[in-house]
Amino acid sequence: QELETLIEKADAGQPLYADSAYVGQEAIIEECEMTNQVHEKGTKGKPLTEEQKASNRKKSKSRARVEHVFGFMTNSMNAMYVRTIGYVRAVAKIGLSNLTYNLMRCVQLNKKVYNVFLRG
C-alpha cells in the first residue's frame, strides 16, 4: 500500500517507523512533516555501515512492540479480518478485539509477576 494513503498532515511532528520497503518515500514523509525513522536498506554492491546497522537496531526496538501485538492478533486471535456489515459493527468488533488482547496480555503479565513471587 502506498505511504501517501496511510499518513496525513495531522500526523505532523510524529516519528514514522517503517521497514525498508518505504525507502524512497522521503518526499511524502517530509510533506507531512513527520520524522523519518524508516529502516535503511543495503544493496548488493553497497552493504550497510555499522552506523546504519546500529540505527536500524534502535528503530527496531520501537517497531517490535507493535509488530508483536499485530502478530498475536493475527495468529492467535484471527482478529485482523473485519467481516461485518456497517461501520458501527466494525468499530465494535475492533474494540472488542483490542479489549480481548489487553485482557490476555494482562493475564500473561500477572502470571509472570506471580511466578517471580513464588520463586523468590
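Visitor: Where is asparagine 78 found?

Guide: Asparagine 78 sits in the loop between H2 and H3. Elements here are DSSP runs, numbered from the N terminus: helices are H or I with at least four residues, strands are E with at least two. This is a predicted model, where local features need pLDDT of at least 70, side-chain atom pairs count only at pLDDT 80 or more, and totals for chains, interfaces and linings use all residues. Residues are numbered from 1 along each chain as its sequence is written, and side-chain values use heavy atoms, leaving out hydrogens and water.

Visitor: What is the phi of asparagine 78?

Guide: Start with the general idea. Most residues other than glycine have a negative phi. Asparagine 78 is not a glycine, yet its phi is positive, about 50°. Glutamate 33 is another case, with a positive phi near 55°. Glutamate 33 belongs to the loop between H1 and strand S2 (35–38).

Visitor: Are asparagine 78 and glutamate 33 buried or exposed?

Guide: Read the relative accessible area. Under 20% is buried, over 50% is exposed, and in between is partly exposed (1.4 Å probe, protein chains only). Asparagine 78 has 52%, so it is exposed. Glutamate 33 has 55%, so it is exposed.

Visitor: What about arginine 83: where is its place?

Guide: Arginine 83 is in the loop between H2 and H3. With a relative accessible area of 74%, arginine 83 is exposed.

Visitor: How do I read a salt bridge, and how many does the structure hold?

Guide: Side chains of opposite charge can pair when their charged atoms come close. The test is a side-chain nitrogen of Lys or Arg within 4 Å of a carboxyl oxygen of Asp or Glu. The structure holds two. One joins lysine 53 and glutamate 50, with the closest N and O atoms 3.7 Å apart. Another joins glutamate 67 and arginine 63, at 3.7 Å from N to O.

Visitor: Why are lysine 53 and glutamate 50 separated by about one helical turn?

Guide: Because they are three residues apart in helix H2. Glutamate 67 and arginine 63 are also about one helical turn apart, because four residues separate them in helix H2.

Visitor: Which residues does methionine 34 contact?

Guide: Contact means heavy atoms within 4.5 Å. Beyond its neighbours within four places in sequence, methionine 34 is in contact with Ile7, Asp11, Gly13, Gln14, Pro15, Leu16 and Ile29.

Visitor: And which residues does serine 97 touch?

Guide: Not counting residues up to four places away in sequence, serine 97 touches Met73, Met77 and Ala79. Serine 97 lies in helix H3 (residues 87–119). Serine 97 is buried, at 11%.

Visitor: How many disulfides does the structure hold?

Guide: A disulfide is a pair of cysteine sulfur atoms within 2.5 Å. The structure holds zero. Cysteine 32 is buried at 6%, whereas cysteine 106 is partly exposed at 39%.

Visitor: Which residues form a nonpolar patch on the surface?

Guide: Patches take residues with over 30% relative accessible area and no salt bridge; like charges are joined within 9 Å, nonpolar side chains (Val, Leu, Ile, Met, Phe, Trp, Tyr) within 5 Å. Here Val66, Phe70, Met80 and Tyr81 form one, with about 400 Å² of accessible area together. Areas come from the Shrake-Rupley method with a 1.4 Å probe, and for residues only the protein chains shown count as cover. Phenylalanine 70 lies in helix H2 (residues 50–75). Phenylalanine 70 is partly exposed, at 42%.
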